[in-house]
Amino acid sequence: MPETPQADPKRWTALIFIAIAQLMVVLDATVVNIALPSAQADLGISDGNRQWVVTAYTLAFGGLLLFGGRVADLWGRKNTFVVGLLGFAAASAVGGAAVNTAMLLGARALQGVFGALLAPAALSLLAVMFTDAKERAKAFGIYGAIAGAGAAVGLILGGVLTEYLNWRWALFVNIAFAVTAVIGAATVIREPEYGRNRNRLDIPGVILASAGLVALVYGFSRAESDGWGAGITIGLFVASAVLLVAFAVVEGRVKAPLLPLRVVTERNRGGVYLSLGLAIIGMFGLFLFLTYYLQQVMGYSALKSGFAFLPMVGGMIVGSTQIGARLMLRVRPRLLMAPGFLVASIGMVILAQIKVDSSYAAVLLPGLILMGLGMGTAFMPAMSMATHGVRPEDAGVASAMVNTSQQVGGSIGTALLNTLAASATTSWIKSHVKSPSDVKNQLFINQSAVHGYSVAIYWAFGILLLASVLAFVLVDAEVQNTGEHVDGENAEDFAIPVVAH
């Protein structure tokens, strides 16, 4: 076996800056949501255009993730990481300084473009820098906690910034994150020399994958606003299916594919992408409904609503770093992922019991803690398995697939569960209204809304339960260790170098 290089002595310091960058990308998805009402009022954004503040970001981010992962493999993960950080900071500065709707929407789209470069580069840097099994478990435990808790942290940070400063700081704050991470990248991140994929970029694959994912994400956005039966919604879904099937056909034939099919057809990674995407559907839907429930029904301020999610954040950190990371080297990944998603689903069942006058301590607190513990425990091995065993030159695109499953899952969750909640609310009103005055009564309005939230959360429970089953059935890898099988080749020739201790 070839002589293995020594581990980078600054790898743990590098992890801090990689984690800061990942936190910035993840929390940006929710920090802007809290600030959106203030931004709408300040810039005079119409109700019809309001959704584009979120959708412009998700379309660019979700549509270009695979391209970003391939660029990381081609340019180098550190180079892509730094470019992504600088671009994200610049786009955030433009958005924070926006004087009209077009300027803000353009900035949000640019954030998505650079986020699509940054996110897979961050995860693939971890994959190539941490190769010892024990160290890898700890590193991915920290990363998994941030990936899971970042969205909830965004709700807290958004509440603080909006309440005490103004909505513009929900964007300006990214500059501080990005500058810190760039300084760290320049001083401590040392990407290994091996593992670059210098093949020519697969342009047809880029076009087909990006267009297919954009059509899919936009389709769910239109389903939320126009309905599932609308012509534009159906057309987008059909177009997405055709484009993604064409993409799969092209990738099986070109010499240097954008997404080598070995990355997704390997049973364990495919199981991770699928089960993780389903889990994110449930979790993002939960954020949406509980935010509305806390503010509109319980009367919480934006700041208090953000802090109400803290037990979930704490649970995710404990689940990732104290349960997942500690057990990862002792039990098979599916024995962490499947029970983790199952515990999270039990938390969902508890949260589905919300009423107009529910006690935070009796219902929300235990539900949020279980959600956090379960998702944190499952995220940790999922993040590690997503890049485990890939060839070094595939690390970027394998990382991009994790982010793609999360991004598409979040878009589906928001649209699907919001539609289910709205339908349940409408049905409840029809069956309970006794006089025209009922629909003007605040208690009646709150009861109908809470019923819709509860029904949608039950659906989220079912989705998480399915994620648990799929993780158990599909992910059959043994206990993770270094030097395992690498796709399609002898591990001695292609495995990421192992550090001897």
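User: What counts as a salt bridge here, and how many are found in the whole structure?
Analyst: A salt bridge is a side-chain nitrogen of Lys or Arg within 4 Å of a carboxyl oxygen of Asp or Glu. This is a predicted model, in which local features need pLDDT of at least 70 and side-chain atom pairs pLDDT 80 or more, while totals for chains, interfaces and linings use all residues. Residues are numbered from 1 along each chain as its sequence is written, and side-chain values use heavy atoms, without hydrogens and water. Searching the whole structure gives a salt bridge count of five.

User: How many helices and strands are there in the chain?
Analyst: Helices (H or I, at least four residues) and strands (E, at least two) are DSSP runs, numbered from the N terminus. On that basis the chain has 18 helices and zero strands.

User: Which residue meets R168 in a salt bridge?
Analyst: R168 is in the loop between α6 and α7 (169–188), and its partner is in helix α1 (residues 11–43), 126 residues apart from it. The N to O distance is 3.4 Å.

User: Why are R222 and D226 separated by about one helical turn?
Analyst: Their side chains meet in a salt bridge at 2.5 Å, N to O. D226 is partly exposed, with a relative accessible area of 36%. Both residues lie in helix α8 (residues 203–226), and the separation is about one turn because they are four residues apart.

User: Which residue forms a salt bridge with E478?
Analyst: The closest N and O atoms of the pair are 3.8 Å apart. E478 lies in the loop between α17 (442–474) and α18 (491–494), and its partner in the loop between α13 (310–327) and α14 (334–351), so the pair ties together parts 146 residues apart in sequence.

User: Is T131 buried or exposed?
Analyst: T131 lies in the loop between α5 (101–129) and α6. T131 and H388 are 257 residues apart in sequence and 9.8 Å apart in space, C-alpha to C-alpha. With 11% relative accessibility, T131 counts as buried.

User: What percentage of the 501 residues in the chain is buried?
Analyst: The C-alpha trace spans about 80 × 45 × 45 Å along its principal axes. Of the 501 residues, the buried share is 57%.

Methods. Buried < 20%, exposed > 50% of the residue type's maximum accessible area, 1.4 Å probe, protein only.
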